[in-house]
Amino acid sequence: MAKINTRPSVDAFEGGDINFKRPSQAKEIIRRLKKNKGAMVGLILLILIILVVIFADVIAPYDAGVIQVAENKLAGPGTPGHPLGCDSYGRDVLSRLVHGARNSLKVAIIASITSCLVGCTLGSIAGYFGGKVDQIIMRSLDIFMSIPDLLFTMVVVAALGSSIPVLIIAMTLAYFTNYVRLVRSGVLNLVDQEYVEAARAGGASPARIILSHIIPNTLGIILVNVTLNVSSLVIYQSTLSFIGLSLPAPAPEWGSMLSSARVDMLRAPTLVLFPALAIVLTAFSVNLLGDGLRDAMDPRLKS
Amino acid sequence: GCGKKSDGGDGTRTLVLRNTAGLSTNDPHATTNTHDYTVFENIYEGLYDLNEATGGYDLRLAEKVEANDDATEYTVTLKQGVKFHNGETMTADDVVFSYAHAQKDAHMGSYCRPLDHVEKVDDYTVKIVMNQPFSPIGHMLHKVKIMSKKGVEELGNDFGKVPNKVGTGPYMWDENNYNPLSSWSAVAFEDYYRGKAKIEKITWNVIADDTSAITALQNGELDYMVVPISYWEDIKASNKFNCVEKESNEVMLFCINVESKTHGELLRNDNIRLAMMYALDRDGINKLVCDGYGTPTYMYINPNYAAAAPAADSLKNPIPYNLQKAKELLAQEGYPDGIDIGEFNVAAGRNENFGVAVQAQLEAAGIKSTLVVSDYNVAGDRNVAQEYDICIAYDCGNYDFNNFEQQSSSAAIGLTNVLFNGPSGKFNDLSAKFDEWLKEGSSTADEAKRLEIYTEMYNAYYDTHTQVPLINLPSCVAYSKDLNAIAVPTDYRVYDWSWNS
Amino acid sequence: MAEERIPLIETVDLKKYFKVGDKSYLHAVDGINMKVYPGETIGVVGESGCGKSTLGRTILRLIEPTSGQILYNGEDITKLNARQMKRMRQEMQIIFQDPYASLDPRKSVIEIIAEYMIINKTLPTKREIYNRAAHLMDVVGLARRYATAYPHELDGGRRQRIGIARALSVNPKFIVCDEPVSALDVSIQAQILNLLMDLQDEMGLTYMFVTHDLSVVKHISNNIVVMYLGQCLEFASSDELFASPLHPYTKALLSAIPEPDISMRNKEIKVIKGEVVSPVNPKPGCRFAARCEYCQERCMQEAPTLKEVSPGHFVACHLCEN
Amino acid sequence: MSNTEKMLEIKDLSVIYETDLETVYAVNGVTLSLEKGATLGLVGETGAGKTTLALTLMRLLPERTGKVTSGSITFEGENVVELPEANMRKIRGDKIAMIFQDPMTSLNPVLTVGEQIAEALYVHNDSGRSKEEIEARVDETLTLVGIPPARKHEYPHQFSGGMRQRVVIAIALSCEPDLLIADEPTTALDVTIQAQVLMMIRDLRDRLGTSMIMITHDLGIVAQTCDNVAVMYAGEIIEMGSAEDIFTCPIHHPYTDGLFGSLPNLKEKTDRLHPIAGLMPDPTNLPKGCKFAPRCDKCMEICKEVPPEVYVDGTHSIRCHLYCQKKED
Amino acid sequence: MYRYILKRLLFLIPTVLGVTLIIFAVMNITPGNPGRMILGANANAAEVEAVNQELGFYDPVLVRWARYLENVFTKGDFGQSYSTKLDVFDELWPRFMITLRLAVLVLVLSVSIGVPLGILSAVKQNSLMDTIPTMIAFFLAAVPSFVVGIVLMYIFALKLNWFPSFGLTSAKHYVLPVIAATICELSAYLRFTKSSMLESIRQDYVRTARAKGVAERTVIWKHALKNALLPVVTSIGMRFGCLLAGMVTTEKLFSIPGVGSLIVDSISLKDEPMIIGCAIMVSVCFTLLMIGVDLIYAFIDPRIRAKYSKRR
Ligand SMILES: Nc1ncnc2c1ncn2[C@@H]1O[C@H](COP(=O)(O)OP(=O)(O)OP(=O)(O)O)[C@@H](O)[C@H]1O
Ligand SMILES: Nc1ncnc2c1ncn2[C@@H]1O[C@H](COP(=O)(O)OP(=O)(O)OP(=O)(O)O)[C@@H](O)[C@H]1O
Ligand SMILES: [Mg+2]
Ligand SMILES: [Mg+2]
């Protein structure tokens with residue numbers, strides 16, 4: 001129903017000068033988000049994690065790759081100078097966790113964004129132009145989708161060797177299909193909307209329609225998906241590590257820390273615990289935030 | 001399903017063993033995988049048998065082996081009264097057939113390369129004709145298994161895929177439980193010519209993952225297991241098992257590629273290689289990777305395992321760990337701030353662990369490198385193709401220095417796989433000399449002479465600082481207290497084992 | 001009726017078929033001939049799905065016609081290329097039915113109103129464009145404090161005013177109003193109708209007013225087209241049509257309106273039996289035949305054409321021909 | 001109209017919607033009554049609270065947000081507001097039935113039409129009818145609303161809008177309810193179909209003697225079908241009376257006047273309409289005096305401060321200071 | 001309908017073409033060395049080279065692709081594994097059956113627990129019955145499945161010795177791997193069902209049902225659920241397809257010889273025929289599953305049934 005919010009008066013532009021300041025619609029979403037306890041917990045955790053990533057060099061007591069001393073092998077948590085202990089190479093676990101956050105999140109976030117970009121581009125092309133273009137894109141996508149994500153990623157990593165760019169490419173290839181479908185159906189919905197027709201009635205070009213009407217209106221759901229994808233990619237990456245396809249040995253990365261600590265599980269359970277916690281905590285908080293975002297964008301879900 | 005569970009003492013208890021992977025075939029000539037051979041050694045037999053516990057070979061299906069003067073023809077008298085599992089009696093025909101069969105298959109064929117052919121002399125005598133004198137012939141006689149000609153031919157194309165009865169070993173495949181992917185059994189062969197085995201039945205379960213294997217061992221689901229070092233303390237402490245730890249014949253090697261396309265110039269600098277030698281702290285590596293159970297070594301073959309190998313003190317200039325000296329050498333060559341020597345190629349798994357440790361030690365001296373980890377086979381191929389700057393190589397199964405000849409053509413890095421006669425010509429002369437030494441060594445029947453040649457070769461080789469031994473890996477075996485086993489790292493012979501009564 | 005006046009818009013045998021399935025065509029608009037004179041309003045009435053919106057959109061070439069001509073001031077706009085069409089779009093505009101769906105929810109009011117001007121570079125600077133947008137808000141009676149509000153914060157009536165302001169922003173001569181008031185409450189509807197009529201008086205606009213509400217169409221139109229299944233059944237001036245409807249469908253339509261007058265309570269309602277039949281591959285003959293109580297043999301075979309039965313009053317019915 | 005027994009009495013009913021963000025005052029102190037066999041027309045603008053009132057009668061308000069804050073609803077001697085859910089379920093569909101506004105969404109797409117009609121019969125099968133009898137009743141109901149019974153095995157998507165609305169009506173009528181609430185039953189339909197459906201509802205009501213509440217915003221429909229009319233504005237009934245009172249009596253609430261002024265007249269040519277200025281007040285923040293005061297052209301000082309009393313003249317009642325004051329004078 | 005199924009089945013052909021081409025293309029970036037794999041580590045370079053030549057390994061990708069397809073479509077021959085030299089299909093099939101059995105168990109369990117829990121938390125939204133399962137599901141969704149497996153193994157196999165830690169030889173053996181894989185699947189179903197159910201509960205027809213006096217239970221199970229199931233069915237199809245290749249970690253951890261571990265092994269060995277065989281197998285399965293999902297769709301939803309039967 002009509003709910004009239006009074007905006008800061010713009011009557012000022014009577015005289016000719018327009019103070020064209022656009023109040024963000026995001027405000028409303030943020031307001032709803034703030035009411036969601038889970039999402040706020042997720043957000044705070046995430047901010048903390050991101051701070052850790054940014055200030056990794058300051059926080060981490062040691063350089064991640066270098067062996068401290070053989071004597072420190074498997075030092076337990078609480079050892080002086082090594083609050084979380086050392087791993088089987090005598091490396092400081094805290095430092096590796098903190099540096100590992102960088103690799104883990106970098107890959108997850110970038111892959112999430114690139115898959116979104118690739119998917120959105122293809123999806124909006126397919127949706128807006130329809131016809132043959134749509135057919136070709138969607139049929140190839142069907143084929144793409146029939147190869148399970150994990151299998152595809154493994155083949156790509158095996159073929160190109162494991163490195164951060166390759167992981168990003170592989171994960172992008174595994175995840176972009178979701179976006180194509182998502183964006184395409186969004187676009188198909190929107191193309192029939194009267195406001196798109198209105199824009200055409202005003203003489204707008206297809207590019208303008210896609211960029212200024214369609215993309216902004218699918219942005220919400222895309223954003224939610226990008227967020228949630230970050231968490232699945234963190235987990236996905238750890239799965240790859242587990243089967244030996246993630247970053248090569250000395251590079252700190254949560255998944256590979258976890259899987260390499262597994263052989264020491266009986267002697268030093270905390271070695272498994274900490275990276276596992278890091279993964280779970282990150283994925284958990286991203287999920288909380290993503291879910292909260294979705295609720296905030298679709299208030300119907302709440303009542 | 002599984003065999004019956006223990007009631008101890010009466011010998012009907014099934015022995016449960018771990019295999020790290022499924023059987024890829026049961027044709028003993030169609031594979032060289034260790035995990036297949038471990039099983040086969042209990043089912044098939046060759047003319048010789050390897051004695052892993054003491055080193056050297058025992059006669060098995062051969063009664064007597066005599067070489068001619070130039071060691072190109074061996075006359076083998078066969079044991080009589082040996083029965084195949086299918087009831088047939090072993091004769092010279094079967095031996096001729098088996099060698100021909102082995103030669104045909106590329107896997108076993110590589111062990112038989114100097115072999116020309118085997119011919120029947122009479123029913124119980126064959127003549128092995130070689131193309132050249134070949135000192136490691138013992139290994140060939142051990143590796144090539146004798147199979148029933150009739151049995152193999154009857155199975156036709158199915159041979160290798162279904163349980164067969166073509167072996168002579170103390171155990172035969174159990175037709176009731178044969179799932180090569182997950183679990184299979186063998187039962188004692190009643191008519192075994194050395195007498196029926198004391199343990200009635202063996203079941204192998206495929207447990208790829210170490211943690212689940214340890215769990216199974218702890219739960220009594222396994223009777224015998226080679227324990228990964230990281231679990232060793234726990235297993236020992238549990239007091240539930242007989243624990244045997246000893247040196248194995250597996251050695252870890254560190255290699256430098258002087259013919260590297262990218263960093264060759266740097267690596268051809270003798271002082272830089274020497275600096276790397278000084279940077280290697282074998283004790284530290286041992287502690288980090290082997291929990292101190294390994295043995296730091298400069299020997300290419302563990303003398304304790306090999307029947308004929310240079311003694312441990314035969315190396316003239318072993319280079320000890322000296323970080324200071326390493327740094328000095330670098331500075332002397334104009335790199336006081338360190339250098340980058342490129343890619344450090346390692347295979348995933350254990351080699352990778354060594355890689356991590358070595359990389360860090362080199363880095364401590366200012367020598368930076370980038371680890372490139374790939375699958376075992378891929379890494380092997382890269383090594384063969386010389387696509388690396390430095391690498392970790394792994395060598396096992398050398399029971400005789402004689403095997404060098406074989407290793408030289410193997411994909412796993414052996415002595416000569418470090419390219420010598422490359423375009424840079426750095427060690428071309430030595431390389432040529434090497435071939436001579438090897439040829440001479442392998443065709444010399446006189447063992448003392450051979451040892452002398454090898455010792456010389458070995459010192460010359462070490463002094464190039466292109467491939468150096470680091471650690472002799474430990475072998476830790478735990479087995480049930482009910483079991484009388486002879487603990488060996490790989491090729492156990494269950495025939496010699498028994499249950500405690 | 002049409003002496004020497006030139007119609008602003010004229011459609012000649014305009015057709016729009018949608019392809020549905022492999023061989024089927026949906027005859028949404030099927031041969032409409034229509035003239036709209038400057039400053040007048042033509043009302044288009046008909047049941048849901050009879051092709052009213054499609055007609056409006058086809059005239060603006062928002063949908064490409066299947067065949068036929070659309071003449072704007074005598075110029076056939078179906079032949080124009082994209083650039084010429086962009087210019088033409090400033091002459092012809094549209095106001096949509098659904099004030100919720102026709103406004104981009106991510107754009108503020110003033111951005112929506114200014115969009116056409118930005119696209120067409122109607123004015124040289126952004127500031128002038130926004131000033132004119134603000135002025136248009138005054139014109140349609142939207143308080144300026146809503147300039148930076150978002151459509152979802154406003155009620156239907158205000159939103160419809162935004163749509164009107166947007167249409168006006170390029171100074172069109174001709175506006176298609178596609179049921180602009182049917183989603184609104186009566187009191188708001190009346191406000192908007194008043195506004196539209198005032199604007200017409202002031203600016204000399206020409207409307208094509210699409211609706212299914214007969215009382216509204218009578219109130220606002222000079223001439224009325226009664227559409228049924230893509231075809232025009234009757235065309236007459238508004239007064240004439242309401243005073244003496246000829247086509248059985250028009251008659252039934254008029255009698256079906258519930259009037260807010262209890263004295264009419266027991267009046268005879270001519271309920272048309274059945275429902276609108278599918279416009280996909282229609283059968284030959286009169287489109288209304290299946291529901292017509294006077295249907296004859298001939299109606300089933302031969303499609304009646306639109307004939308002038310009295311001056312300015314056209315009917316497509318075999319019964320009315322003599 | 002012969003029987004003046006009251007079947008439904010609503011007293012001082014108030015309903016709010018409470019969400020995390022705001023409280024909507026949807027119905028504010030409504031008092032109403034309905035005689036047996038009579039039809040009450042409930043008119044008002046969007047958001048006036050018509051649907052809320054109907055849902056309250058059915059006790060179908062959204063569980064967590066919708067709350068009855070005061071008042072009572074007496075239906076056949078029982079207070080619906082306090083009735084246990086189980087008893088309420090017996091009344092729903094059997095004694096009180098409802099026709100919903102949107103025929104497109106109010107039918108379950110995955111059940112056949114026949115199943116959906118039969119469901120209510122099975123639920124309220126007190127007389128122990130057999131399966132065959134129920135099916136027969138379904139056929140009967142379908143015939144009643146003019147759909148060939150053979151089509152009962154079809155799914156809603158196979159029906160047109162008008163037919164779907166008939167199905168919705170058939171569902172409501174299947175148990176022969178005492179009270180039928182029709183919430184804008186024809187808004188989604190075309191004029192010709194609307195006429196068909198309205199005729200049908202009228203016929204059925206007369207034939208079955210059902211009492212009815214007809215919710216609509218179309219005064220035409222009210223005029224054609226209702227005995228009594230209540231005009232709702234911002235959750236209040238601002239004017240109520242018999243159809244004659246509303247359509248012929250000269251005095252009205254200014255809002256009702258405004259409604260009539262907004263309608264284009266079919267008979268005479270009017271140049272301008274005379275609508276009410278402005279909009280309905282924000283239901284989360286209602287004015288404290290008369291709720292219509294901000295839009296009223298006859299607004300007095302008192303209107304802004306004091307909620308008006310009800311002026312009663314026979315069956316006609318108006319909630320407006322204009323008339324209350326006159327009466328006092 | 002039959003025409004439609006046939007059409008979808010025919011689409012299997014381009015699918016197989018596309019899948020193989022993609023895999024060939026990717027594998028071609030850094031090809032392995034089949035000769036070496038076939039002959040083993042001890043063969044010499046010349047022999048290896050000869051085998052590679054014979055296999056046509058140095059031909060361009062497209063040539064190799066065409067040859068492969070020719071063999072597949074004319075002879076039904078999917079090639080021989082480089083590493084085991086067995087027919088790809090012979091080696092694949094038993095492993096596929098193992099994975100399939102496991103996957104079906106996981107599916108049945110996770111659907112039969114996850115979906116009802118999802119419904120419950122949608123129906124009891126915002127109560128404890130909702131918050132607790134939702135929060136647990138949320139948490140579990142953040143845990144990699146192999147971590148769950150490790151924890152289960154540690155507790156139930158190592159510490160408590162209730163269940164064996166490897167293999168699939170008896171019913172007991174299934175317990176841990178199935179639970180480990182189920183836990184992660186389950187939380188996905190829970191979340192998905194919940195949101196789908198919430199959507200469907202809001203619909204007008206649910207209100208219509210309530211207005212008929214239908215008991216709440218019937219409203220949920222008969223009216224809301226059937227509609228809510230549609231998207232859930234799709235996700236079941238999709239997830240099951242992915243499960244076939246996606247139980248790698250569980251299979252590795254519990255030493256189960258399934259397709260997942262076969263894929264990993266073949267990939268690390270660059271056993272091209274095997275990888276492609278697996279890919280084809282899984283993709284065909286996936287496509288068949290999606291056809292199945294569409295059929296179930298048509299079964300549940302008459303609107304879609306109508307669409308298919310009309311499309312002639
Ligand atoms: N893009 C399209 N593709 C296929 N069919 C269409 C399309 N647009 C409209 N139609 C069909 O064309 C016919 C006419 O539609 P149109 O929207 O013009 O009707 P209308 O008279 O405006 O109806 P309403 O009163 O419901 O707005 C309808 O049957 C409709 O289903
Ligand atoms: N579930 C809900 N939660 C919050 N507010 C609601 C809810 N349902 C209705 N409202 C609000 O309650 C008020 C009355 O709504 P109601 O639906 O009863 O109006 P109505 O008179 O039926 O309108 P219409 O003619 O549009 O159907 C409106 O302001 C509406 O926004
Ligand atoms: Mg329309
Ligand atoms: Mg309503």
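In the unreviewed UniProt entry, the feature "transmembrane region" is placed at residues 39–60, 107–129, 150–176, 209–226 and 271–290 of chain A. UniProt positions follow the numbering used here, with shortened feature names, and such annotations may be inferred rather than shown by experiment. This is a predicted model, in which local features need pLDDT of at least 70 and side-chain atom pairs count only at pLDDT 80 or more, while totals for chains, interfaces and linings use all residues. Residues are numbered from 1 along each chain as its sequence is written, chains are lettered from A and ligands numbered from 1 in the order in which they are written, and side-chain values use heavy atoms, leaving out hydrogens and water.

- Residues 39–60 of chain A are 91% helix and 0% strand, with 28 Å between the end C-alpha atoms. Helices (H or I, at least four residues) and strands (E, at least two) are DSSP runs, numbered from the N terminus.
- Residues 150–176 of chain A are 89% helix and 0% strand, and here the end C-alpha atoms are 13 Å apart.
- For chain E, an unreviewed UniProt entry gives "transmembrane region" at residues 9–29, 102–123, 135–162, 174–192, 228–248 and 274–300.
- The span 174–192 of chain E is 100% helix and 0% strand, with its end C-alpha atoms 26 Å apart.
- Residues 274–300 of chain E are also 100% helix and 0% strand, and their end C-alpha atoms lie 38 Å apart.

**Two domains of chain E**

- Chain E is split into domain 1 (1–75) and domain 2 (89–308), with bounds from an automatic or database domain assignment. Taken over C-alpha atoms, the centres of domain 1 and domain 2 of chain E are 32 Å apart.
- Each side brings 19 residues to the contact between domain 1 and domain 2 of chain E, where contact means heavy atoms within 4.5 Å.
- Domain 1 and domain 2 of chain E bury about 1,800 Å² between them, 76% of it from carbon and sulfur atoms. Buried area is the accessible area (1.4 Å probe) that two parts lose on being put together, summed over both.
- Two salt bridges are found across this domain interface of chain E, a salt bridge being a side-chain nitrogen of Lys or Arg within 4 Å of a carboxyl oxygen of Asp or Glu.
- Arg64(E) and Glu272(E) form a salt bridge, with 3.0 Å between the closest N and O atoms.
- On the domain 1 side of chain E, helix 1 (2–10), helix 2 (12–27) and helix 5 (61–75) each supply at least two residues that touch domain 2. Helix 2 of chain E gives the largest share, eight residues.

**Chain D against chain C**

- In this interface, 46 residues of chain D contact 41 residues of chain C.
- The area buried between chain D and chain C is about 3,800 Å², with 56% on carbon and sulfur atoms.
- One salt bridge is counted between chain D and chain C. Asp198(C) and Arg272(D) are joined by a salt bridge with an N to O distance of 2.6 Å.
- Helix 5, helix 6 (191–208), helix 7 (219–225), helix 8 (243–248) and helix 9 (254–262) of chain D each supply at least two residues of the side touching chain C. Helix 6 of chain D contributes the most, eight residues.

**Glu45(D)**

- Glu45(D) lies in the loop between strand 3 (39–44) and helix 1 (50–58) of chain D.
- Glu45(D) counts as buried because its relative accessibility is 3%; buried is under 20% relative accessible area, exposed over 50%, and partly exposed in between (1.4 Å probe, protein chains only).
- The side chain of Glu45(D) makes polar contacts with the side chains of Ser187(C) at 3.2 Å and Tyr255(D) at 3.0 Å. A polar contact is a pair of N or O atoms within 3.5 Å; within protein, one must be able to donate a hydrogen and the other to accept it, and residues adjacent in sequence count only if both atoms are side-chain atoms.

**Helix 13 of chain E**

- Eight of the 11 residues of helix 13 (residues 259–269) of chain E are buried.
- These buried residues pack against helix 6 (149–160) of chain A and against helix 6 (88–123), helix 11 (216–246), helix 12 (248–253) and helix 14 (272–300) of chain E.
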